[in-house]
Amino acid sequence: MELRDRVMAEMKQAMKDKNTTRVSTLRLINAAIKDRDIAARGEGRDEGVSDADVLAILGKMVKQRQESARQYEEAGRFDLAEREQIEIGVIEDFLPRQLNDDEVAKAVEAAITAVGGSSIRDMGKVMGVLKGQYTGQMDFGAVGPMVKDRLS
């Protein structure tokens, strides 16, 4: 089942269950997907966005909410921070399991081996392989420096 179909099915179930928090979060996800679909059609891709694009959208939504929750906590607005955390939980239901540090290190080594990386010039190729295989499963902001250190 495609991710967008799964989001719609979950939204219908949440409506039946009268779970308003979950419904509102799923509507936000659906709106973000549709917004990206419209942008893709403007670029000539009539089929819309792929599951990999949807995973990227979801990852971005989680990061936005984590930042908002952090700011709310710093401002003493724990009620709003808790709401952000609940939304993060709903969004993460659709993301694949995050890799632990050992798995990330192994994935980096495998990607470097796959592209024959030997210098910093190969960083783009390595990151491309990782993004193609592990979208939504690792934080590429943290992986980038790891790849750079390994190739230096």
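R45 is partly exposed, its relative accessible area being 32%. In this predicted model, R45 lies in the loop that joins α2 (20–42) to α3 (51–74). When neighbours within four places in sequence are set aside, the contacts of R45 are with A40 and D53.

The protein contains seven helices and zero strands, and the order of elements from the N terminus is α-α-α-α-α-α-α. Along the principal axes, the C-alpha atoms occupy a box of roughly 55 × 45 × 25 Å. Of the 152 residues in the protein, 33% are buried. Among contacts with a separation of 6 or more, 59% are between residues 24 or more positions apart.

The helix pair α6 and α7 was examined in detail. Helix α6 spans residues 123–134 and helix α7 spans residues 140–151; their axes come within 10 Å and cross at roughly 140°. The two helices are therefore oblique to each other, since angles over 145 degrees are needed for the roughly antiparallel class. The crossing in which α6 passes α7 is right-handed. On the α6 side, the contact involves M123, V126, M127, L130, K131 and Y134, while α7 contributes F140, V143, G144, V147, K148 and L151. By class, this contact of α6 with α7 comprises nine nonpolar residues, one polar residue and two charged residues.

Methods:
Residues numbered from 1 in each chain as written. Predicted model: local features only at pLDDT ≥ 70, side-chain atom pairs only at ≥ 80, totals over all residues. Heavy atoms only, no water. Axes fitted to C-alpha atoms, helices over the stretch in contact; angles between N-to-C directions. Helix = DSSP H or I, 4+ residues; strand = E, 2+ residues; numbered from the N terminus. Parallel < 35°, antiparallel > 145°, perpendicular 65-115°, else oblique. Left-handed = near helix turned anticlockwise from the far one by under 90°. Contact = heavy atoms within 4.5 Å. Nonpolar A, V, L, I, M, F, W, Y, C, P; charged D, E, K, R; others polar. Buried < 20%, exposed > 50% of the residue type's maximum accessible area, 1.4 Å probe, protein only.
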